[in-house]
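Thanks for coming. I will take the strands and then the helices, and I will keep it short.

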Amino acid sequence: MKDLIKKLRKIVSNLPGSALKLGLTILGTLTLFTLVDIKKLKEFELWNISNIANTIDNFFPKFYVVFGNNFVKIVIYALFVIFIFLSICKFVMRSKAIVVKHSTFSNSLSTYDERNLFGYSVKEIDINLVDQMNNHDIINAISIQDNVIRRILKECDEFTEIFYYGIAHIPLIFRAGFQIGDEGQVHLLHKYRDEQSKFKEISNDSDNYILQLLGQLTNNPSSTSKEMLVVVATSLPVSNEDLIVFRKNDMCCELRFEMEKESMYGFDVIDSYAIMNRLRSGILSKIREVFFYKDIQRIHLVLATSSDFAFFLAQGFSEHHDPEIIVYQYERSSSEKYPWGISNKLPPESAVIYQPICENID
(Lines give C-alpha, C1' and ligand atoms only; values in the text may rest on other atoms or scores of the structure.)
Protein backbone atom coordinates (compact mmCIF):
# COMPACT_ATOMS: atom_id res chain seq x y z
CA MET A 1 0.00 0.00 0.00
CA LYS A 2 2.83 2.39 0.88
CA ASP A 3 4.53 1.70 -2.46
CA LEU A 4 1.27 2.39 -4.30
CA ILE A 5 0.81 5.72 -2.49
CA LYS A 6 4.44 6.61 -3.19
CA LYS A 7 4.01 5.90 -6.91
CA LEU A 8 0.78 7.90 -7.03
CA ARG A 9 2.47 10.79 -5.24
CA LYS A 10 5.28 10.79 -7.79
CA ILE A 11 2.78 10.86 -10.63
CA VAL A 12 0.63 13.70 -9.28
CA SER A 13 3.64 15.74 -8.16
CA ASN A 14 4.83 15.82 -11.78
CA LEU A 15 1.45 16.90 -13.14
CA PRO A 16 1.37 20.63 -13.95
CA GLY A 17 -1.21 22.39 -11.79
CA SER A 18 -2.17 24.67 -14.66
CA ALA A 19 -2.99 21.67 -16.88
CA LEU A 20 -5.17 20.14 -14.16
CA LYS A 21 -7.07 23.41 -13.69
CA LEU A 22 -7.62 23.78 -17.44
CA GLY A 23 -8.78 20.18 -17.72
CA LEU A 24 -11.21 20.61 -14.81
CA THR A 25 -12.62 23.77 -16.36
CA ILE A 26 -13.18 22.17 -19.76
CA LEU A 27 -14.56 18.91 -18.39
CA GLY A 28 -16.75 20.76 -15.88
CA THR A 29 -18.23 22.80 -18.71
CA LEU A 30 -18.79 19.69 -20.84
CA THR A 31 -20.44 17.93 -17.89
CA LEU A 32 -22.79 20.88 -17.49
CA PHE A 33 -23.70 20.66 -21.18
CA THR A 34 -24.64 16.98 -20.77
CA LEU A 35 -26.91 17.71 -17.82
CA VAL A 36 -28.66 20.99 -18.71
CA ASP A 37 -30.78 22.00 -21.71
CA ILE A 38 -29.07 24.52 -24.01
CA LYS A 39 -31.89 27.05 -23.56
CA LYS A 40 -31.23 27.15 -19.86
CA LEU A 41 -27.48 27.31 -20.45
CA LYS A 42 -27.99 30.48 -22.50
CA GLU A 43 -29.34 32.08 -19.33
CA PHE A 44 -26.47 30.82 -17.19
CA GLU A 45 -24.39 33.91 -16.48
CA LEU A 46 -21.58 32.37 -14.42
CA TRP A 47 -18.17 31.44 -15.88
CA ASN A 48 -19.11 32.68 -19.36
CA ILE A 49 -21.37 29.62 -19.87
CA SER A 50 -24.11 31.65 -21.63
CA ASN A 51 -21.66 32.92 -24.26
CA ILE A 52 -20.35 29.43 -24.93
CA ALA A 53 -23.91 28.06 -25.22
CA ASN A 54 -24.92 30.86 -27.62
CA THR A 55 -21.82 30.27 -29.74
CA ILE A 56 -22.52 26.55 -30.01
CA ASP A 57 -26.21 27.08 -30.80
CA ASN A 58 -25.48 29.75 -33.43
CA PHE A 59 -22.55 28.18 -35.27
CA PHE A 60 -22.75 24.46 -34.39
CA PRO A 61 -26.44 23.77 -33.69
CA LYS A 62 -26.10 20.07 -34.38
CA PHE A 63 -23.04 19.70 -32.16
CA TYR A 64 -25.14 19.92 -29.00
CA VAL A 65 -26.83 16.63 -29.95
CA VAL A 66 -23.50 14.91 -29.20
CA PHE A 67 -23.99 15.61 -25.50
CA GLY A 68 -27.12 13.43 -25.51
CA ASN A 69 -25.10 10.36 -26.54
CA ASN A 70 -24.71 8.00 -23.56
CA PHE A 71 -21.20 6.92 -24.54
CA VAL A 72 -20.06 10.55 -24.77
CA LYS A 73 -21.62 11.24 -21.39
CA ILE A 74 -19.80 8.29 -19.78
CA VAL A 75 -16.45 9.42 -21.22
CA ILE A 76 -16.95 13.01 -20.03
CA TYR A 77 -18.09 11.93 -16.55
CA ALA A 78 -15.21 9.46 -16.20
CA LEU A 79 -12.61 12.03 -17.26
CA PHE A 80 -14.15 14.64 -14.98
CA VAL A 81 -14.00 12.28 -11.99
CA ILE A 82 -10.40 11.34 -12.82
CA PHE A 83 -9.35 15.00 -13.00
CA ILE A 84 -11.12 15.75 -9.72
CA PHE A 85 -9.35 12.80 -8.11
CA LEU A 86 -5.94 13.84 -9.46
CA SER A 87 -6.48 17.45 -8.33
CA ILE A 88 -7.41 16.32 -4.82
CA CYS A 89 -4.40 13.99 -4.70
CA LYS A 90 -2.09 16.76 -5.90
CA PHE A 91 -3.35 19.04 -3.13
CA VAL A 92 -3.31 16.42 -0.36
CA MET A 93 0.02 14.92 -1.48
CA ARG A 94 1.72 18.22 -2.31
CA SER A 95 5.36 18.64 -1.31
CA LYS A 96 6.01 19.47 2.31
CA ALA A 97 8.09 22.52 3.16
CA ILE A 98 9.88 22.66 6.49
CA VAL A 99 10.70 26.30 7.16
CA VAL A 100 13.65 26.57 9.56
CA LYS A 101 13.95 29.87 11.38
CA HIS A 102 17.36 30.25 13.06
CA SER A 103 17.94 33.02 15.61
CA THR A 104 20.57 33.54 18.29
CA PHE A 105 20.81 37.34 18.60
CA SER A 106 17.24 38.62 18.82
CA ASN A 107 13.68 37.34 19.17
CA SER A 108 12.38 40.04 16.82
CA LEU A 109 13.55 38.43 13.59
CA SER A 110 11.85 39.49 10.36
CA THR A 111 9.53 36.98 8.74
CA TYR A 112 9.77 35.49 5.23
CA ASP A 113 7.89 36.21 2.02
CA GLU A 114 5.07 33.65 1.96
CA ARG A 115 4.98 33.72 -1.84
CA ASN A 116 8.12 31.57 -1.74
CA LEU A 117 6.04 28.79 -0.13
CA PHE A 118 3.12 28.80 -2.56
CA GLY A 119 1.91 25.28 -3.35
CA TYR A 120 3.60 23.64 -0.35
CA SER A 121 2.24 22.09 2.81
CA VAL A 122 4.16 24.26 5.27
CA LYS A 123 5.57 23.35 8.68
CA GLU A 124 7.59 25.93 10.59
CA ILE A 125 10.37 24.96 12.99
CA ASP A 126 12.09 27.56 15.16
CA ILE A 127 15.68 27.14 16.32
CA ASN A 128 15.66 29.92 18.89
CA LEU A 129 18.87 30.03 20.92
CA VAL A 130 18.72 33.68 22.02
CA ASP A 131 18.55 32.97 25.76
CA GLN A 132 21.33 30.38 25.64
CA MET A 133 23.69 32.63 23.66
CA ASN A 134 22.90 35.71 25.77
CA ASN A 135 23.99 33.65 28.77
CA HIS A 136 26.98 32.34 26.81
CA ASP A 137 25.70 28.81 27.32
CA ILE A 138 27.10 27.63 24.01
CA ILE A 139 27.16 23.93 24.86
CA ASN A 140 23.44 23.92 25.66
CA ALA A 141 22.74 25.93 22.50
CA ILE A 142 24.58 23.35 20.38
CA SER A 143 22.73 20.50 22.10
CA ILE A 144 19.32 22.10 21.49
CA GLN A 145 20.19 22.86 17.87
CA ASP A 146 21.50 19.34 17.21
CA ASN A 147 18.27 17.84 18.57
CA VAL A 148 16.13 20.09 16.37
CA ILE A 149 18.22 19.27 13.29
CA ARG A 150 17.85 15.54 13.98
CA ARG A 151 14.08 16.01 14.24
CA ILE A 152 14.03 17.91 10.95
CA LEU A 153 16.01 15.23 9.13
CA LYS A 154 13.77 12.52 10.58
CA GLU A 155 10.71 14.25 9.12
CA CYS A 156 12.26 14.62 5.66
CA ASP A 157 11.55 12.34 2.74
CA GLU A 158 11.93 12.69 -1.02
CA PHE A 159 8.86 14.94 -1.12
CA THR A 160 10.15 17.33 1.57
CA GLU A 161 12.04 20.55 0.91
CA ILE A 162 13.74 22.66 3.56
CA PHE A 163 13.62 26.44 3.61
CA TYR A 164 16.27 28.03 5.83
CA TYR A 165 16.57 31.63 7.04
CA GLY A 166 17.70 33.60 10.04
CA ILE A 167 20.37 35.65 11.76
CA ALA A 168 22.60 33.62 14.03
CA HIS A 169 26.19 33.09 15.15
CA ILE A 170 28.21 31.87 12.17
CA PRO A 171 29.61 28.74 13.93
CA LEU A 172 26.06 27.57 14.71
CA ILE A 173 24.88 28.31 11.17
CA PHE A 174 27.79 26.32 9.76
CA ARG A 175 27.13 23.35 12.05
CA ALA A 176 23.45 23.35 11.04
CA GLY A 177 24.30 23.44 7.33
CA PHE A 178 26.87 20.67 7.74
CA GLN A 179 24.42 18.41 9.57
CA ILE A 180 21.55 18.98 7.11
CA GLY A 181 23.90 18.41 4.17
CA ASP A 182 23.02 18.57 0.50
CA GLU A 183 21.16 15.28 0.00
CA GLY A 184 17.74 16.96 -0.16
CA GLN A 185 16.45 20.22 -1.58
CA VAL A 186 17.30 23.21 0.64
CA HIS A 187 16.04 26.68 -0.25
CA LEU A 188 17.97 29.61 1.22
CA LEU A 189 16.22 32.84 2.14
CA HIS A 190 18.14 36.12 2.28
CA LYS A 191 17.20 39.56 3.58
CA TYR A 192 18.68 42.36 1.52
CA ARG A 193 19.81 45.17 3.79
CA ASP A 194 18.90 48.07 1.56
CA GLU A 195 15.43 47.24 0.27
CA GLN A 196 13.61 44.36 1.92
CA SER A 197 11.65 43.91 5.13
CA LYS A 198 11.26 40.15 4.59
CA PHE A 199 13.52 37.23 3.78
CA LYS A 200 13.22 36.09 0.16
CA GLU A 201 14.68 33.11 -1.62
CA ILE A 202 18.04 33.45 -3.31
CA SER A 203 17.69 34.03 -7.05
CA ASN A 204 17.84 31.28 -9.69
CA ASP A 205 19.44 33.70 -12.17
CA SER A 206 22.42 32.52 -14.17
CA ASP A 207 25.96 33.36 -13.09
CA ASN A 208 27.23 36.66 -14.51
CA TYR A 209 30.82 35.81 -13.48
CA ILE A 210 31.41 39.40 -12.34
CA LEU A 211 32.02 38.30 -8.76
CA GLN A 212 35.47 36.71 -8.44
CA LEU A 213 36.99 35.12 -5.34
CA LEU A 214 40.77 34.66 -5.28
CA GLY A 215 42.48 31.94 -3.28
CA GLN A 216 45.99 32.49 -1.91
CA LEU A 217 48.01 29.84 -0.05
CA THR A 218 50.78 30.74 2.40
CA ASN A 219 52.92 27.88 3.72
CA ASN A 220 54.77 27.72 7.04
CA PRO A 221 57.83 25.57 6.23
CA SER A 222 59.01 25.37 9.84
CA SER A 223 55.70 23.95 11.11
CA THR A 224 55.04 20.26 11.64
CA SER A 225 51.37 20.90 12.42
CA LYS A 226 48.58 19.04 10.65
CA GLU A 227 46.22 21.98 11.03
CA MET A 228 45.49 24.77 8.58
CA LEU A 229 43.74 28.14 8.65
CA VAL A 230 41.14 28.94 6.00
CA VAL A 231 39.66 32.42 5.60
CA VAL A 232 36.62 33.10 3.38
CA ALA A 233 35.79 36.80 3.07
CA THR A 234 32.95 37.99 0.85
CA SER A 235 31.03 40.48 3.01
CA LEU A 236 34.00 42.28 4.58
CA PRO A 237 37.77 41.91 4.33
CA VAL A 238 39.55 40.18 7.21
CA SER A 239 42.64 41.99 8.51
CA ASN A 240 45.92 40.34 9.49
CA GLU A 241 45.58 41.85 12.96
CA ASP A 242 42.32 40.00 13.52
CA LEU A 243 44.03 36.69 12.67
CA ILE A 244 47.01 37.10 14.98
CA VAL A 245 45.94 34.34 17.39
CA PHE A 246 45.95 31.78 14.59
CA ARG A 247 49.48 32.76 13.65
CA LYS A 248 50.58 32.05 17.21
CA ASN A 249 49.09 28.57 16.97
CA ASP A 250 51.72 27.66 14.36
CA MET A 251 49.47 26.37 11.57
CA CYS A 252 51.19 24.53 8.75
CA CYS A 253 49.58 26.84 6.18
CA GLU A 254 47.03 29.56 5.60
CA LEU A 255 44.55 29.59 2.74
CA ARG A 256 42.69 32.85 2.14
CA PHE A 257 39.77 33.42 -0.21
CA GLU A 258 39.18 37.11 -0.76
CA MET A 259 37.40 39.29 -3.28
CA GLU A 260 39.35 40.11 -6.40
CA LYS A 261 38.56 43.81 -5.95
CA GLU A 262 37.79 45.84 -2.83
CA SER A 263 34.58 47.11 -4.46
CA MET A 264 33.18 43.57 -4.66
CA TYR A 265 32.74 43.18 -0.90
CA GLY A 266 29.19 43.45 0.39
CA PHE A 267 26.55 41.68 2.49
CA ASP A 268 24.26 41.09 -0.50
CA VAL A 269 26.73 40.35 -3.29
CA ILE A 270 26.21 36.57 -3.39
CA ASP A 271 22.65 36.76 -4.65
CA SER A 272 22.07 33.64 -6.76
CA TYR A 273 22.45 29.87 -6.46
CA ALA A 274 24.63 29.87 -9.57
CA ILE A 275 27.17 32.21 -7.95
CA MET A 276 27.02 30.22 -4.71
CA ASN A 277 27.70 26.97 -6.54
CA ARG A 278 30.67 28.40 -8.42
CA LEU A 279 32.25 29.95 -5.34
CA ARG A 280 31.69 26.86 -3.19
CA SER A 281 33.12 24.55 -5.84
CA GLY A 282 36.27 26.67 -6.08
CA ILE A 283 36.68 26.89 -2.30
CA LEU A 284 36.16 23.17 -1.68
CA SER A 285 38.41 22.17 -4.56
CA LYS A 286 41.32 24.27 -3.29
CA ILE A 287 40.86 23.25 0.35
CA ARG A 288 40.80 19.55 -0.54
CA GLU A 289 43.83 19.92 -2.77
CA VAL A 290 45.79 21.33 0.19
CA PHE A 291 44.59 18.97 2.91
CA PHE A 292 45.17 15.86 0.79
CA TYR A 293 48.69 17.01 -0.06
CA LYS A 294 49.57 18.01 3.50
CA ASP A 295 47.53 15.36 5.33
CA ILE A 296 45.56 17.99 7.23
CA GLN A 297 43.67 16.71 10.28
CA ARG A 298 41.87 19.89 11.33
CA ILE A 299 40.75 23.07 9.58
CA HIS A 300 40.32 26.36 11.43
CA LEU A 301 37.77 28.33 9.43
CA VAL A 302 37.11 32.08 9.58
CA LEU A 303 34.04 33.25 7.68
CA ALA A 304 33.20 36.86 6.85
CA THR A 305 30.22 36.11 4.66
CA SER A 306 26.42 36.08 4.61
CA SER A 307 24.45 33.63 6.76
CA ASP A 308 22.99 31.88 3.73
CA PHE A 309 26.36 31.37 2.06
CA ALA A 310 27.87 30.10 5.34
CA PHE A 311 25.06 27.53 5.50
CA PHE A 312 25.46 26.66 1.81
CA LEU A 313 29.25 26.28 2.11
CA ALA A 314 28.84 23.96 5.12
CA GLN A 315 26.49 21.73 3.13
CA GLY A 316 29.32 20.94 0.71
CA PHE A 317 31.65 19.40 3.29
CA SER A 318 31.58 15.64 3.76
CA GLU A 319 31.30 14.04 7.19
CA HIS A 320 33.34 11.04 6.07
CA HIS A 321 35.92 12.48 3.67
CA ASP A 322 36.77 15.94 5.02
CA PRO A 323 38.67 16.66 8.24
CA GLU A 324 37.19 18.28 11.33
CA ILE A 325 36.38 21.96 10.86
CA ILE A 326 36.28 24.54 13.64
CA VAL A 327 34.37 27.68 12.67
CA TYR A 328 35.10 30.80 14.71
CA GLN A 329 32.87 33.62 15.87
CA TYR A 330 33.91 37.22 15.27
CA GLU A 331 33.56 39.46 18.34
CA ARG A 332 34.06 43.12 17.50
CA SER A 333 34.23 44.29 21.12
CA SER A 334 36.70 41.61 22.24
CA SER A 335 40.45 42.14 22.31
CA GLU A 336 40.69 38.70 20.72
CA LYS A 337 38.56 38.98 17.59
CA TYR A 338 37.95 35.24 17.24
CA PRO A 339 37.76 34.09 20.87
CA TRP A 340 35.83 30.85 20.35
CA GLY A 341 34.69 28.41 17.72
CA ILE A 342 32.54 25.33 17.24
CA SER A 343 33.60 22.00 15.78
CA ASN A 344 31.38 20.62 13.04
CA LYS A 345 31.87 17.01 14.18
CA LEU A 346 32.42 16.82 17.94
CA PRO A 347 29.50 16.27 20.36
CA PRO A 348 28.15 19.39 22.11
CA GLU A 349 30.03 18.90 25.36
CA SER A 350 33.39 19.00 23.59
CA ALA A 351 32.54 21.03 20.45
CA VAL A 352 33.33 24.52 21.80
CA ILE A 353 36.95 25.57 21.27
CA TYR A 354 38.31 28.62 23.10
CA GLN A 355 41.33 30.55 21.87
CA PRO A 356 44.23 31.37 24.17
CA ILE A 357 44.52 35.03 25.13
CA CYS A 358 47.23 36.68 23.03
CA GLU A 359 49.63 39.08 24.67
CA ASN A 360 52.80 40.75 23.44
CA ILE A 361 52.89 39.07 20.08
CA ASP A 362 55.28 40.58 17.60
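K101 has its bridge partner in strand 2, and that partner is D126. This is a predicted model, so please hear every value as computed. The two strands concerned are strand 1, residues 96-103, and strand 2; they run parallel and are joined by eight bridges.

They belong to an open sheet of five strands, in the order 2-1-3-4-5, with mixed pairing. Which strands stand at the edges? Strand 2, at 121-128, and strand 5, at 200-201; each has a single partner strand, so one side of each is left without a neighbour in the sheet.

Two helices to mention here. Helix 8 packs on this sheet and touches strand 1, strand 3 at 160-167 and strand 4 at 185-190. The direction of helix 8 makes about 155° with that of strand 1. Helix 11 also packs on the sheet, touching strand 3 and strand 4, and its direction makes about 160° with that of strand 4.

These two helices also pack against each other. Helix 8 covers residues 170-180 and helix 11 covers 307-315; their axes are 7 Å apart and the angle is about 40°. That angle makes helix 8 oblique to helix 11. The crossing is right-handed. On the helix 8 side the contact is made by I170, I173, F174, A176, G177, F178 and I180, and on the helix 11 side by S307, A310, F311, A314 and Q315. How many charged residues does this contact of helix 8 with helix 11 have? None: by class there are nine nonpolar and three polar residues, and no charged ones.

At one end, strand 6 pairs with strand 8, residues 253-259, in the antiparallel sense over seven bridges. As an example, L213 has M259 of strand 8 as its bridge partner.

Helix 2, residues 17-35, and helix 5, residues 70-92, cross at roughly 145°, and their axes come within 9 Å. This crossing is left-handed. Helix 2 contributes residues including G17, L20, L24, L27 and T31, while helix 5 contributes, among them, K73, Y77, F80, F83 and K90. By class, the contact of helix 2 with helix 5 has 13 nonpolar, six polar and two charged residues.

Last, the rings. The structure holds 10 aromatic pairs. I will show one, F246 with Y328: the ring centres are 4.9 Å apart and the planes stand at 80°, so the pair is edge-to-face. Where do the two residues sit? F246 is in helix 9, residues 244-248, and Y328 is in strand 10, residues 324-329; the pair links distant parts of the chain, 82 residues apart.

That is what I have.

Technical notes: Residues are numbered from 1 along each chain as its sequence is written. This is a predicted model: local features need pLDDT of at least 70, side-chain atom pairs count only at pLDDT 80 or more; totals for chains, interfaces and linings use all residues. Side-chain values use heavy atoms; hydrogens and water are left out. Axes are lines fitted to C-alpha atoms, for helices over the stretch in contact, and angles run from 0 to 180 degrees between N-to-C directions. Helices (H or I, at least four residues) and strands (E, at least two) are DSSP runs, numbered from the N terminus. Angles under 35 degrees count as roughly parallel, over 145 as roughly antiparallel, 65 to 115 as roughly perpendicular and the rest as oblique. A crossing is left-handed if the near helix is turned anticlockwise from the far one by less than a right angle, and right-handed if clockwise. Contact means heavy atoms within 4.5 Å. Ala, Val, Leu, Ile, Met, Phe, Trp, Tyr, Cys and Pro count as nonpolar, Asp, Glu, Lys and Arg as charged, and the others, Gly among them, as polar. Two strands pair if DSSP finds at least two bridges between them. Rings of Phe, Tyr and Trp (its six-membered ring) pair if their centres lie within 6.5 Å; planes under 30 degrees apart count as stacked, over 60 as edge-to-face and the rest as tilted.
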